[in-house]
2 protein chains.
Amino acid sequence: MRVHIVHAHPEPLSFSASMFRVAGEVLRSAGHFVQDSDLYAMNFDPVASSDDFSKRADSGYLVYALEQRHGFKHGGLAVGIKTEIEKLLAADLLILNFPIFWFSAPAILKGWIDRVLLSGLCYGGKRFYDRGGLAGKKAWITATLGGRPHMFGDNAVHGQLNDMLRHLLRGTLAYVGFDVLEPFYAYHVPYISTEARSKLLEEFREALITIEKRASLPSFSLDDFDEQFYPLPGR
Amino acid sequence: MRVHIVHAHPEPLSFSASMFRVAGEVLRSAGHFVQDSDLYAMNFDPVASSDDFSKRADSGYLVYALEQRHGFKHGGLAVGIKTEIEKLLAADLLILNFPIFWFSAPAILKGWIDRVLLSGLCYGGKRFYDRGGLAGKKAWITATLGGRPHMFGDNAVHGQLNDMLRHLLRGTLAYVGFDVLEPFYAYHVPYISTEARSKLLEEFREALITIEKRASLPSFSLDDFDEQFYPLPGR
């Protein structure tokens, strides 16, 4: 399998950074081809702007998604974006590894999503969910958080964690066509013992070794909707 | 009322930018005190990093939230963060005005959230939801999107839009204690006529004029949970 790991943590000694390194090691040892993007180390610019396009479809008025389409088709995308797209397209599995900030990705990773998941390539017009541009690939969120497992669930204080992350799991990854694997959540990381961290890292190794058998989250199909995305009767 | 409008769109001629200007005009005309943060115009840096702290609690290992607490207590927060905190604390109402990118905020605004909603000030330990540090203030999301209204709802292709934005509405704004107002969503903006845009802007003016009567989303109380955030029996 070909894998692209995108990692976004500001502290190289963090548990999240350990997960990033372990993921690369375990997957390479298992014979997979791994490329990565360590966004903080790369000083990745997360701000979507007109600077991303050296040639513009409309130089007087920026519609970011339309310029993405134009740039992908006619050239002129910033080099940093093109490099990331090549790694993304080469991969059968995309791993997003990050600490959960505000029930979402850190801004540097949100900006990778904003800038790299190009309109026209990854989605566009009527191509999303099972018709998205990255259909056939898998995506996996591996994340650390401060909260404890009992704080998430139907009657728990924060509800389901997957519901909090719906914008990523469904609205981003499933949207562009990925088969979205069950996330790996490392709970309560800042507060647990070294022993508990080692145990978590062992669980993560096991998840990596068995990645090809990992369950997927429910998927979304456009088959139940008409061309204008109204629900089809009886579906 | 004192208002802080945070705006994040890369195109000054966009509909979102018109909403930003109209919000300031209408609220000032109605006698409110308005401060704003136009993040693209300010060239706001969205990347949470060790550069945010001139004095560190632990200079060898960055736990971002712990350095936020330390910086807030002992000084040493980056100037750009302090300025934003002053505007935030002065406000009775925070407005986040942005185009929806990936069912969330653009990275530049996500970074404002990551860097400005300080641990220790806005939340921390057992202070969140109705016990959050910003309790007593209101927050309002005013956003543009490409999707059409019928694409959102219980049986619609994307489910409820408020569920997609749960990480912002609940996981961020309600989390720090805000009373979260019903969002104003300007649908299908890139594709509608000038007349339809004018009509939308009129609706937005009306929403601004009647802002003090605007309904809130359901709130979240820690009263139903014990000190460890387990649900209390019978609640």
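Which residues do ring pairs link into a cluster? In this predicted model, the cluster joins W102(A), F103(A), F152(A), Y185(A) and Y187(A) of chain A with Y123(B), F128(B), Y129(B), Y175(B), F220(B) and F229(B) of chain B. Over all chains, a search of the whole structure finds 32 aromatic pairs and 20 salt bridges.

**The contact between chain A and chain B**

- Chain A brings 54 residues to the contact, and chain B brings 54 residues as well.
- The two chains bury about 4600 Å² between them, and 64% of this area lies on carbon and sulfur atoms.
- Of the area that chain A buries against chain B, 17% is supplied by Y61(A), W102(A) and V157(A), which is more than any other three residues supply; W102(A) is also one of the residues in the aromatic cluster.
- Between chain A and chain B there are 23 residue pairs in polar contact, counting pairs in which both residues have pLDDT 80 or more.
- On the side of chain A that touches chain B, the elements giving two or more residues are α4 (107–116), α5 (161–164) and α6 (166–174) of chain A.
- The element that gives the most to this side of chain A is α4(A), with six residues.
- By residue type, the side of chain A that touches chain B divides into 32 nonpolar, 14 polar and eight charged residues.

**Salt bridges at the contact**

- Two salt bridges are counted between chain A and chain B, and one of the pairs linking the chains is D163(A) with R166(B), whose closest N and O atoms are 3.7 Å apart.
- Within chain A, D163(A) also forms a salt bridge with R166(A), and here the closest N and O atoms are 3.0 Å apart.
- D163(A) is partly exposed, with a relative accessible area of 22%, whereas R166(A) is buried, with a relative accessible area of 18%.

**Charged pairs within a chain**

- In chain B, K87(B) and E84(B) form a salt bridge with their closest N and O atoms 3.0 Å apart.
- Because K87(B) and E84(B) are three residues apart in helix α4 (residues 79–90) of chain B, about one helical turn separates them.
- K87(B) and E84(B) are both buried.
- Turning back to the contact, salt bridges that share partners join D163(A), R166(A), D163(B) and R166(B) into one network.
- In chain A, the side chains of R115(A) and D52(A) meet in a salt bridge, at 2.8 Å from N to O.

**D52(B) and its surroundings**

- D52(B) is found in the loop between α2 (39–42) and α3 (64–74) of chain B, and it counts as buried at 2% relative accessibility.
- The side chain of D52(B) makes a polar contact with the side chain of R115(B), at 2.9 Å.
- Apart from its neighbours within four places in sequence, D52(B) is in contact with V47(B), Y64(B), G76(B), L77(B), A78(B), I81(B) and R115(B).

**Helix α7 of chain B**

- Helix α7 (residues 166–174) of chain B is mostly covered, with nine of its nine residues buried.
- Among the buried residues of α7(B) are R166(B), H167(B), R170(B) and A174(B); R166(B) is also the salt-bridge partner of D163(A) across the contact.

**H188(B) and its surroundings**

- H188(B) lies in the loop between β6 (184–186) and α8 (194–209) of chain B, and at 21% relative accessibility it counts as partly exposed.
- Not counting residues up to four places away in sequence, H188(B) touches L145(B), G146(B), G147(B) and R148(B).
- The side chain of H188(B) reaches the backbone oxygen of G146(B) at 2.7 Å.
- H188(B) and G153(B) are 35 residues apart in sequence, and their C-alpha atoms are 16 Å apart in space.

Technical notes. Residues are numbered from 1 along each chain as its sequence is written. Chains are lettered from A and ligands numbered from 1 in the order in which they are written. This is a predicted model: local features need pLDDT of at least 70, side-chain atom pairs count only at pLDDT 80 or more; totals for chains, interfaces and linings use all residues. Side-chain values use heavy atoms; hydrogens and water are left out. Contact means heavy atoms within 4.5 Å. Buried area is the accessible area (1.4 Å probe) that two parts lose on being put together, summed over both. A salt bridge is a side-chain nitrogen of Lys or Arg within 4 Å of a carboxyl oxygen of Asp or Glu. A polar contact is a pair of N or O atoms within 3.5 Å; within protein, one must be able to donate a hydrogen and the other to accept it, and residues adjacent in sequence count only if both atoms are side-chain atoms. Helices (H or I, at least four residues) and strands (E, at least two) are DSSP runs, numbered from the N terminus. Ala, Val, Leu, Ile, Met, Phe, Trp, Tyr, Cys and Pro count as nonpolar, Asp, Glu, Lys and Arg as charged, and the others, Gly among them, as polar. Rings of Phe, Tyr and Trp (its six-membered ring) pair if their centres lie within 6.5 Å; planes under 30 degrees apart count as stacked, over 60 as edge-to-face and the rest as tilted. Buried means under 20% relative accessible area, exposed over 50%, partly exposed in between (1.4 Å probe, protein chains only).
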